[in-house]
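Have a look at the model below, then work through the exercises one step at a time.

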Amino acid sequence: SNFEIRTGYLPVGIDHQLYFEDVGDPQREALLFLHGGPGLGCEEKHRKQFNLNKYRVILMHQRGSGKSQTQGEINDNTTQHLVNDIEVLRDRKSVV
């Protein structure tokens, strides 16, 4: 498939910037993909699991993982931070 991939970094605190990919038609219903861990991140194979003719897919590299900065950082990296990061990503206008 030949879908546009929009990427960016989202600041979420002193030590962390989340890398994300936003794939497919922005007008479609969005799905959020969370990768396993620790430290991995999203890969092309994850993107290919979804029907991009039907959905828009957001792939977020969690704190300290994948292309997110700072790689391997465990400071301020808890489940509650992950939940907050998801909310910041959904909004994309706010910075925590």
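A salt bridge is a side-chain nitrogen of Lys or Arg within 4 Å of a carboxyl oxygen of Asp or Glu. This is a predicted model, in which local features need pLDDT of at least 70 and side-chain atom pairs count only at pLDDT 80 or more, while totals for chains, interfaces and linings use all residues. Residues are numbered from 1 along each chain as its sequence is written, and side-chain values use heavy atoms, leaving out hydrogens and water.

**Exercise 1.** Find the salt-bridge partner of Lys48, and decide how accessible Lys48 is.

Step 1: Lys48 pairs with Glu44, and their closest N and O atoms are 3.3 Å apart.
Step 2: Buried means under 20% relative accessible area, exposed over 50%, and partly exposed in between (1.4 Å probe, protein chains only).
Step 3: Lys48 has 62% relative accessibility, so Lys48 counts as exposed. Glu44, at 46%, is partly exposed.

**Exercise 2.** Which parts of the chain does the salt bridge of Arg56 and Asp22 tie together?

Step 1: The closest N and O atoms of Arg56 and Asp22 are 2.7 Å apart.
Step 2: Arg56 lies in strand 4 and Asp22 in strand 2, so the bridge ties together parts 34 residues apart in sequence. Strands are DSSP runs (E, at least two residues), numbered from the N terminus.
Step 3: Asp22 is buried, with a relative accessible area of 2%, and Arg56 is buried at 18%.
Step 4: Arg56 and Asp22 also belong to a salt-bridge network with Glu4 and Arg6.

Terms used
Helix = DSSP H or I, 4+ residues; strand = E, 2+ residues; numbered from the N terminus.
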